[in-house]
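Keep the structure in view as you read.

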Amino acid sequence: FCQGRSRPPPRLRCRCQPTAPMLAFNVKTTEPVPVEERLRRHVDTSRFPSGHAFLKDLQGWREKMRSQRFGTNGAEAVRDGQLRYYALATHAEHHFRTVDLKNEAKVVFRWYDTFSTRRFVDQPDWAFERASVLFNVAGALSYLATSQERGDPEQIKLACRYFQEASGVINELRKIASSASWLSFTPDMTDDFLEALSCIMLAQAQKCFYEKAVADGRSHAIVAKLAAECAALYQDAGLKLKAPLLQEAISSEWLAVVDWNRALFDGVQNYYAATALGEAGEYGACVSRLTHAVNRTAEAVNMCQRHSAALQKQFRDAHALAKDAHAKAKKDNDSIYFDRVPPYATLPKLPRHALVKPLRPEGLDVPPPEAPPSPEKPDIIGAAAAFGAASLDGTPPPPSFDEASSAGVEDLVAMGFSKEAASAALAQCKGSVQEAAALLVDS
C-alpha cells in the first residue's frame, strides 16, 4: 500500500438545503488504472472464454465511473454508473482471485479522501476498489435525498428512502472493510466515520418522518417520540465525530450541522412531551421540560446565527414555539397550580421510536459470475416436524401470528394511535410494527 498527499481536483464537501440543514457528501476521486492492459495476459480463455470482452467492459465502466460528477451527470446517473462498475469489480475479484495484483499484474488502485482531498491511499486490492465505489454510491444517494423538495408529500418519502439506502450502502461498505489494513489510512474510510455517517443518514431519514408528522398535525405524543429518536441519532453521530482525526479532517460545516440538530431535537422532544404532562396535571414537570426546550433551541439558534436567515428559520421557529409555551405554562403554574418544578435532570428519559433502518438497494445484490450449485433437496418432513415446536436446545417456539399482532397493536396504541387504526395498519404491513407505524404517520 501507499499513503500520500497530492492535489486532486476540488470538490464539494457537503450540501445543505437552504431551509433545513441536511447533509450530503461528494464522491471520492480516483486515478486511471490500465486494468485491461495489465490483466489481459492473465485471462485463461479455456476457463473464461469471454475474459477479454469482460476486461474491455471493466475498463470502459471504470473510466466512466471515474469521470462522473453530480453537476454534469446528475446524482441518479452517478449512482447507477457506480453500481454498474461495482458489479463488474465484484466479478473481477472472483475471476482474477489467483492473480497477485501488486507483483504480477502491477494493478494498484489510488483513491482520494472525500474531505481531506490531498490524502490518498494506493492499494492492490479489489476489496479496496469495491469499498471506495460503494462510498460513492452512498454519496449519490445522499445527494438524491437532499435534492428532494421536502415540502412535497411524495418527495419527502423519496428523501427518506434515499437516506435509508445510503445508510444501507455504508453498512455494506463496512462489512467489506471490516478486516482491511487500509481502513484507517484516510479519515473518510475509518470505521468511526463510516459508523457516524450511517447514523447521520438515518437521523436525516427520521427527521423526514418528524417533519411530515408536524406538517400533518399529528398528536404531540407521536411527534415527541419521533423527535426523541432524532435527538438520539444526532447525539450518537456527534459523539463518533469527536475523534481527533475526524475533527481535523472533516468539514467544519458537517460538525456544525450535527451540533445544531443535536441541540434542536433535544429541545423539540421536550416541547412536545410537555403537552402530555400539562394534560395529565403534571404542571411542574411540564414547566421543567419547557424550560429545557427553550434553552436548547436557543443554543441551536445561537450556533447557526452566522448563516443565512432561510437556513435559520427552522431553528428560530422551534425556539419561538417553546418560548411561548413556556411563558404560558409558567404563568399558569405560578398563579393557579403552584406545582413544584423539579430539576430537569430528575425527569425520566423520554421514550423514542425509530421509523427508519438501513435499506439495501437492489443494485448491491450482484449476481454470481458462475451458476450456483444446485440446492440440496430440502428436508420437508424434518422441517414440518420442527415447525411450531421448541428447538432441541430448549429455545421456545416463536409467538403465533395472533400473539405477535396483539403485541404490535399494544405498541402502536402506546405511541398514540387508535386500536382500530393500529390493527388495520398491522394487517396491511403483515405484522411489522415499524412499517405499520411509518404507514400511520404517513397516512
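The second largest pocket is lined by 17 residues, and C160, Q164, F209, L355 and A438 lie nearest its centre. Here a pocket is an open set of points on a 1 Å grid over the protein atoms alone, with protein on both sides within 12 Å along at least five of seven lines; lining residues have an atom within 4 Å of a point. Helices are DSSP runs of H or I with at least four residues, strands are runs of E with at least two, and both are numbered from the N terminus. Helix α7 gives the most, with 6 residues. The volume of the second largest pocket is about 390 Å³. A volume is the space filled by probe spheres set on the points, which are joined across faces, edges and corners. By class, the lining has 9 nonpolar, 2 polar and 6 charged residues. Ala, Val, Leu, Ile, Met, Phe, Trp, Tyr, Cys and Pro count as nonpolar, Asp, Glu, Lys and Arg as charged, and the others, Gly among them, as polar.

A word on the ground rules. Residues are numbered from 1 along each chain as its sequence is written. Because the model is predicted, local features need pLDDT of at least 70 and side-chain atom pairs count only at pLDDT 80 or more, while totals for chains, interfaces and linings use all residues; side-chain values use heavy atoms, with hydrogens and water left out.

Stay with helix α7 (residues 153-177), which holds I176. Is I176 buried or exposed? I176 is buried, at 18% relative accessible area. Buried means under 20%, exposed over 50%, and partly exposed in between, with a 1.4 Å probe and protein chains only. Beyond its neighbours within four places in sequence, I176 is in contact (heavy atoms within 4.5 Å) with Y86, A127, R130, A131 and L134. A127 is 49 residues away along the chain, yet the two C-alpha atoms are separated by 6.5 Å.

A cavity is a set of points where a 1.4 Å probe fits but cannot get out. There are 2 cavities of 30 Å³ or more. Helix α11 (residues 252-279) gives the most to its lining, with 4 residues. The second largest cavity holds about 30 Å³. Its lining includes K28, W111 and N136.

Next, the rings. Rings of Phe, Tyr and Trp (its six-membered ring) pair if their centres lie within 6.5 Å; planes under 30 degrees apart count as stacked, over 60 as edge-to-face and the rest as tilted. The count comes to 15 aromatic pairs. F109 and W126 have ring centres 5.1 Å apart and planes at 55 degrees, so this pair is tilted. F109 lies in strand β2 (residues 109-112) and W126 in helix α6 (residues 126-146), so the pair ties together parts 17 residues apart in sequence. Both residues are buried. Y283 and Y337 have ring centres 3.5 Å apart and planes at 5 degrees, so they are stacked. Y283 counts as partly exposed at 25% relative accessibility, and Y337 also counts as partly exposed, at 37%.

Finally, charges over rings. The rule asks for NZ of Lys or CZ of Arg within 6 Å of the ring centre and within 35 degrees of the ring normal. K28 lies over the face of F135, 5.5 Å from the ring centre. The charged end of R110 sits over the ring of F120, 3.8 Å from its centre.
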